[in-house]
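User: I'd like to learn how to read a ligand site in a model. Can you walk me through this one?
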Amino acid sequence: MYDFAYHRPSSVADAVKLLASDPDAKVMSGGMTLIPTLKQRLARPSAIIDLSGIRDLVGISVSAGAVTIKAMTTHAAVAASAEVKKAIPALAAMAEHIGDAQVRNRGTIGGSIANHDPAADYPGAVLALGATVHTNTRKIAADDFFTGMFSTALAPDELVTAVEFPIPEKAAYVKFPNPASRYAMVGVFVAKGPAGVRVAVTGAGANGVFRHTAMEEALAKNWSPDALHDVGTAEEGLNGDIHASKEYRAHLVGVMAKRAVAKAG
Amino acid sequence: MGFEGIGAAVRRREDLRFISGRGNYTDDINRPGQLHAVIIRSPHAHARIKGIDAAAAKAAPGVVAVFVGEDMAADNLGGLPCGWQVKNKDGSPMAEPPHPVLAVGKVRHVGDPVAVVIAETKGAARDAAELVSVDYEVLPAVPTLEAAQKPGAPLVHDGVAGNICYDWHLGDKDAVDAAFAKAHKVGRLELVNNRLIPNAMEPRAAVGEFDPASGDYTLYTTSQNPHVIRLLMGAFVLHIPEHKLRVVAPDVGGGFGSKIYHYAEEAIVTWAAGKVKRPVKWTAERTESFMSDAHGRDHVTVAEMAMDKDGRFLGLRVRTQANMGAYLSTFAPCVPTYLYATLLAGVYTTPAIYAEVKAVFTNSVPVDAYRGAGRPEASFLLERLVDICALEMGLDRVEIRRRNFIPSSAFPYQTPVALQYDSGDYTATLEACLKAADWAGFEARRAEAKKRGKLRGIGISTYIEACGIAPSAVVGSLGARAGLYEVANIRVNPTGSITVFTGTHSHGQGHETTFAQLIADQFGVPMSQVEIVHGDTAKIPFGMGTYGSRSLAVGGSAMVKAAEKIIAKGKRIAAHLLEASADDIEFKDGKFQVAGTDRAKALAEVSLAAYVPHNYPIEELEPGLEETAFYDPKNFTYPGGCHICEVEIDPDTGVVQVVNFCAVDDVGRVINPMIVEGQIQGGVAQGIGQALLETCVYDENGQLLSGSMMDYTLPRADDLPNIKVGTAITLCTHNPLGVKGCGEVGAIGSPPAVIGAVVDALKDYGVRHIDMPATPHKLWRIINANRPRMAAE
Ligand SMILES: Cc1cc2nc3c(=O)[nH]c(=O)nc-3n(C[C@H](O)[C@H](O)[C@H](O)COP(=O)(O)OP(=O)(O)OC[C@H]3O[C@@H](n4cnc5c(N)ncnc54)[C@H](O)[C@@H]3O)c2cc1C
């Protein structure tokens, strides 16, 4: 990796100040994505602003209607949280199947959604559950947050501080892992809750996570796997690669969606 | 301490070191004043090098030197040699184009080394490597067999017409034509044997060192055969005589064949260490491994079997194209020829066989031996073809095999493709495996799976392989440029402990345990008294190393021969001490005893007398108790057996799950059943990997699309079933231990059983064969394409 300056601020304000003063600086949460890109010399930040010293950014809280997970909370913590398991079991189960144990112990919700890898799992949950992303300056609705592959609505000096998930009535996530990387080749998160029926597809879209409105309409009328029987998925806009063609991905979206609805009950 | 001799499942003594971080791998070795090398590799599959500007890199902080191909050429260095010459059908030698250590003039695959930057730290070397600017004129690339053989295809090497390395054949064409002329039916199959990328856990690494005072060079390297590297690199590349070059292969974390070969980086760090007069280290990054370790397999084959009215095999005709990659790796030419076509009889009495093999240069990483080397390609072809023949004849897959087996009464059995099998009992391994896998009960399991919406299938393979390579004179006559004996030096120390120096090399196989058991057994001493030393040319007589499951069959035989010499000498010493005739001395349970009496001397007493020869037959015997034996095998060994695989396919997604896997193998005498089980399970894991998961993909420009773990699917624990392993042995008749070999059988026997199971699961979908890997995507396409027809029926 290239040389860089290293900062470990202890407050969000300090982190933002550092970030605003240096356009080439990058924040680091778990480093599970950032460090490999540094090692492969794909990124050359002038400075790394390590958020791990900010105690305020860790923790899970549950209110009557929502689960709020702060940005630096690890996947392992979400997976193990009794509160999350009780309020939104689908979310805990999803976190439990991200990467491997090492990755789950380091990787964070903030890093995952800020990165918006088109094959990541969390974006599916955020979008399907109609979550709200909290940053140091504002609150962003999930529908406005993910703007394309590896891109989000975040401003350059804006930090994710927490994600607030409304508690759904039913939800489930089913993924078809890429055989090699085990990231989602197709992942479908379905939810029925305060924001109605929402279906988010991750892994398949060339522009990252997206909502499947045709499935949402069908499920709003009839919440059952059978309701999806005749709902197709357009191949346009999907990814095709050596592991799966667009056609196969489109097909898998249907299969995973049915399984997710069945799992949600 | 319990029983620990031959046949005991002793725990691997090396594992404490490996699993507690105390191993000493090449990258753990750091020499005083050491520098770091970074190799600049071609990003293009095929390009002319118009110029290299290294001025900025040379001036960068911490940089000691930058070398390019011309610098090596200026020192009159040789290219990387090929160790096996195959001849064309007309008797002319294969095309053997130069293989420069650092590219000169042209690059021929993505990853081809172009320059080396040597600096005080790895970081400085990397920084400087980015400053080297290479001016490439990109040329059209031919990364695949198909592309390289199109009329008018660009040439990988100027002067190698049609990109053909050789066009070789084996067998009796006329006899095969005659067999087809009278055939009742013919089974025909076209198949691809997918290209694999080995991925040993430890990436390759090398540290070169030069002592200006003595003129001695040392190379620490991740090698399966340090003496072979010393010979090839010293004699052919760097022109350093053996006595001035030491090669050490310390702990090595897996090889699977990929660490047999002499690689460019070994020569680069050794030569550069001499140039800069400081040690130079290079360690591959995983991405470099993908584009520079020799790949495996990569065949396209058409095969036909002629049968009589009872399904007996009359003749086999095989045409294979084999991808050599951009250059000839050390043993590449023998893999698709003498390690492949010679195995095409399999376990069957097919009387006439004719095989043609065309080896082709392409703009891809060189291809060489990978676990099984040629034999997995042979067994896959043959066992898949036998399944097709069964379909063609309307015969059961087991029945057609039984009808064609070489009977156990027929050994030694001469095949029509050069080999003479010494022993085996194919019915015994078949029956044991059918029973272990409950073959008879399968249809009930299929029906039960159907109720759960799963397609269940079962597959079988009855395979043979040839390992323990091999009589030197035989391989020499077939084009090998090396001998294939093995050496053992046994040193009984003065107080009776034993140090064994072996020319074989352990890189995961557990030799330190197996060989210690063997020696403990030979001398009747506890294993704790035995130390096994390997991997250092300064300590060990010239040995050939470990590959082709040869270590026990050849290296172990050398140990037995050396032990016999020690015991013979010990008898004479004991006879002197006991005032008896040497002819009356028996050696048993660690004691030299006068037959029929209780008068005896323990091994330690005899060895002490040998090293403190006060009371010693000094007129007749030299002092000391140390012997060396070189053992040249009389034949290959022929392990074989039966593998049965059961899979379930999810028709909605195409996902295959291996739900049952049984292997019953004849590996000859078993020294340590736990290690044998582990070797077979590991081999089967790689075989399942090849059958279902792994494949190397190049795009049409020769870019490696499966160039990292993100895209290359190695098998993981959750891809594998609990692999049941059994043995049903016959003894090898021509080596002293009766051993055959177990390192590769898993990878050789399993792929056809897995694909056979997948095809069986999809039999209602009109499928006769599926090429590897049977990925979910591929299976879903088949299922999806045939669904309408299924519904209509
Ligand atoms: C081997 C492996 C397997 C994996 N498998 C999966 C998988 O199956 N599914 C899956 O979803 N993910 C997977 N991941 C990704 C992982 O789970 C992390 O979610 C991901 O690496 C990002 O989280 P992080 O905390 O490590 O972020 P980092 O790597 O620290 O940062 C990632 C990016 O986000 C930015 N960033 C970080 N935090 C913030 C913040 N609070 N505000 C704004 N920007 C921020 C950084 O600047 C950087 O650009 C895998 C990773 C690895 C290494």
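Predicted model: local features only at pLDDT ≥ 70, side-chain atom pairs only at ≥ 80, totals over all residues.
User: Which polar backbone atom is 2.5 Å from an oxygen atom of the ligand, in terms of its residue?

Analyst: A polar contact here is a pair of N or O atoms within 3.5 Å; within protein, one must be able to donate a hydrogen and the other to accept it, and residues adjacent in sequence count only if both atoms are side-chain atoms. In this case the backbone atom belongs to A:Val27, 2.5 Å from a ligand oxygen.

Analyst: Residues are numbered from 1 along each chain as its sequence is written, chains are lettered from A and ligands numbered from 1 in the order in which they are written, and side-chain values use heavy atoms, with hydrogens and water left out.

User: How many residues surround the ligand?

Analyst: Count a residue if one of its heavy atoms lies within 4 Å. That gives 29, with A:Gly31, A:Thr33 and A:Thr108 among the closest.

User: Why does the ligand lie between domain 1 and domain 2 of chain A?

Analyst: Domain bounds come from an automatic or database assignment. Domain 1 (1-51) and domain 2 (170-264) both give residues to the shell, so the ligand lies between them. Their C-alpha centres are 34 Å apart.
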